[in-house]
Amino acid sequence: MSDRPVNMIIARATNGVIGKDGDMPWHLPADLKRFKRLTMGGAMIMGRKTFESLPGLLPGRRHIVLTRGTYWKAQGAEVVHDVEGALRQAGEEPVWVIGGAEIFGLFVPLAKRIELTELMIEPEGDTFLDDPREEEGWRMTACEEHAAEGDAPAHRFITLERD
């Protein structure tokens with residue numbers, strides 16, 4: 001397996017919700033801008049459902065889709081079937097694991113950095129993720145607090161790193 005740095009980018013409510021009905025149960029423009037800035041020029045690794053939830057192909061980034069579906073394909077998706085294949089497919093580009101929960105679970109042992117958006121809300125949802133800060137070895141290296149503004153809930157942008 002590759003020893004290259006693997007980055008994860010996660011948006012998570014305080015109750016652990018990361019999704020509902022195949023989408024995020026919030027709209028946070030600042031998070032979308034941050035996501036674009038961080039992932040631009042990189043290889044995004046995601047599951048099939050995450051790929052299908054995107055509004056379309058995101059410009060300036062590769063879309064590597066990890067799926068068990070042997071015959072699944074979609075325009076713009078680079079299909080792989082295992083973690084090693086996903087990392088190999090990414091080549092030398094920065095790797096960003098963007099979801100969903102099962103994909104996060106596969107890559108968290110390899111991750112060196114997590115960019116976490118923590119929303120200070122408790123929405124209903126059907127997809128959950130444990131707080132990565134509860135896992136041993138992670139240290140917070142940055143935290144930006146943002147108050148609620150208009151329809152945007154209060155949130156934090158947190159960077160977690162480990163050796």
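Me: At a relative accessibility of 4%, is E115 buried or exposed?
Reply: This is a predicted model, in which local features need pLDDT of at least 70 and side-chain atom pairs count only at pLDDT 80 or more, while totals for chains, interfaces and linings use all residues. Residues are numbered from 1 along each chain as its sequence is written, and side-chain values use heavy atoms, leaving out hydrogens and water. Buried means under 20% relative accessible area, exposed over 50%, and partly exposed in between (1.4 Å probe, protein chains only). With 4% relative accessibility, E115 therefore counts as buried.

Me: Which residue meets E115 in a salt bridge?
Reply: A salt bridge is a side-chain nitrogen of Lys or Arg within 4 Å of a carboxyl oxygen of Asp or Glu. At 2.4 Å, N to O, the side chain of E115 meets that of R34.

Me: How many residues apart in sequence are the parts that R34 and E115 tie together?
Reply: Helices (H or I, at least four residues) and strands (E, at least two) are DSSP runs, numbered from the N terminus. R34 belongs to helix α1 (residues 29–39) and E115 to strand β7 (residues 111–119), so the parts they tie together are separated in sequence by 81 residues.

Me: Which helix holds both E52 and R48?
Reply: The side chains of E52 and R48 form a salt bridge of 2.8 Å, N to O. They are 4 residues apart, about one turn of the helix, and both lie in α2.

Me: How many salt bridges does the structure hold?
Reply: One of them joins R133 to E118, with the closest N and O atoms 2.6 Å apart. The structure's total is 12.
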